[in-house]
Amino acid sequence: MEDDELQAIRARRLAELQAKSGGAQPSQGGFPSAGGASKDDAEKSQMEEMRRNMLYQILDNSARERLGRIQMVKADKARAVEDLLIRMAQTNQLRSKVTENQLIDLLGQINRQESSATSSRIVYNRRHYDDSDEEYDI
């Protein structure tokens, strides 16, 4: 995946969203009108659309389905995996589409990292009493 292609996709999508919104400008006085909230929503939806497009290019169908099932159960973990995959794609660490097995391996690595970082250890210090009667022998 090349950066030029991504930039072209982003620019095209931005132009589409600006055309749909009609180029809404803030109201007079420097304060945004109620349309300002819709502009933020439009930006968020644009970012999510770009994110979905990138993930569509990165993942194959079975991996995308598995990530969708993970998202239903643990949305924060799925979001973290998506972020990691997008970062890997942007830094050219991915050579081809990620398969379901590669996604499973990636999830396993993330689980190991989380468990080692958050694992707490309980240590019992048991006192050993000397029950010998040597001191009391007469």
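Reader: Is Ala-78 buried or exposed?

Author: Start with the cut-off. A residue counts as buried when its relative accessible area is under 20%. Ala-78 has a relative accessible area of 0%, so Ala-78 is buried. Keep in mind that this is a predicted model.

Reader: Where is Ala-78 found, and which residues is Ala-78 in contact with, leaving aside neighbours within four places in sequence?

Author: Ala-78 sits in helix α4. With those sequence neighbours set aside, Ala-78 touches Leu-67, Ile-70 and Gln-71. Check Gly-68 too. The C-alpha atoms of Gly-68 and Ala-78 are 7.9 Å apart, although 10 residues separate the two along the chain.

Reader: How many helices and strands are there in the protein?

Author: There are five helices and zero strands. Read from the N terminus on, the order is α-α-α-α-α. Of the 138 residues in the protein, 20% are buried.

Reader: At what angle do α3 and α4 pack?

Author: The angle is about 140°, and the axes are 6 Å apart. Angles over 145 degrees would count as roughly antiparallel. α3 and α4 are therefore oblique to each other. On the α3 side, the contact is made by Leu-67, Ile-70, Gln-71 and Val-73. On the α4 side, Ala-75, Ala-78, Val-81 and Glu-82 take part. By class, this contact of α3 with α4 has six nonpolar residues, one polar and one charged.

Reader: And at what angle do α4 and α5 pack?

Author: Here α4 covers residues 75-90 and α5 covers residues 100-118. Their angle is about 115°, with the axes 11 Å apart. The range from 65 to 115 degrees counts as roughly perpendicular. So α4 and α5 are roughly perpendicular to each other. Their crossing is right-handed.

Reader: Which residues make the contact of α4 with α5?

Author: α4 brings Lys-77, Val-81, Leu-84 and Leu-85. α5 brings Leu-103, Leu-106, Leu-107, Ile-110, Asn-111 and Glu-114. Sorted by class, this contact of α4 with α5 has seven nonpolar, one polar and two charged residues.

Reader: How many residues does the largest nonpolar core have?

Author: First, the general idea. In soluble globular proteins, nonpolar side chains tend to be buried together. In this model, the largest nonpolar core has 18 residues. Those with the most contacts inside it are Ile-58, Leu-59, Leu-67, Val-81, Leu-85, Val-98 and Leu-103. The elements giving two or more residues to this core are α2 (35-58), α3 (61-73), α4 and α5. α4 gives the most, with five residues.

Reader: Take Val-98. Which residues is Val-98 in contact with, leaving aside neighbours within four places in sequence?

Author: Val-98 meets Ile-58, Leu-59, Asp-60, Ala-63, Leu-85 and Leu-103. Now look at the whole protein. Of the contacts between residues at least 6 apart in sequence, 75% join residues at least 24 apart.

Reader: Does Arg-13 count as buried or exposed?

Author: Use the cut-off again. Arg-13 has 16% relative accessibility, so Arg-13 counts as buried. Arg-13 lies in helix α1 (residues 3-21). Beyond its neighbours within four places in sequence, Arg-13 is in contact with Lys-20, Gln-46 and Glu-49.

Reader: What is phi of Asn-92 near?

Author: The general idea comes first. Most residues other than glycine have a negative phi. Phi of Asn-92 is near 60°, a positive value in a residue other than glycine. Asn-92 is placed in the loop between α4 and α5. With a relative accessible area of 40%, Asn-92 is partly exposed.

Definitions and conventions. Residues numbered from 1 in each chain as written. Predicted model: local features only at pLDDT ≥ 70, side-chain atom pairs only at ≥ 80, totals over all residues. Heavy atoms only, no water. Axes fitted to C-alpha atoms, helices over the stretch in contact; angles between N-to-C directions. Helix = DSSP H or I, 4+ residues; strand = E, 2+ residues; numbered from the N terminus. Parallel < 35°, antiparallel > 145°, perpendicular 65-115°, else oblique. Left-handed = near helix turned anticlockwise from the far one by under 90°. Contact = heavy atoms within 4.5 Å. Nonpolar A, V, L, I, M, F, W, Y, C, P; charged D, E, K, R; others polar. Buried < 20%, exposed > 50% of the residue type's maximum accessible area, 1.4 Å probe, protein only. Core = buried A, V, L, I, M, F, W, Y, C linked by side-chain atoms within 4.5 Å.
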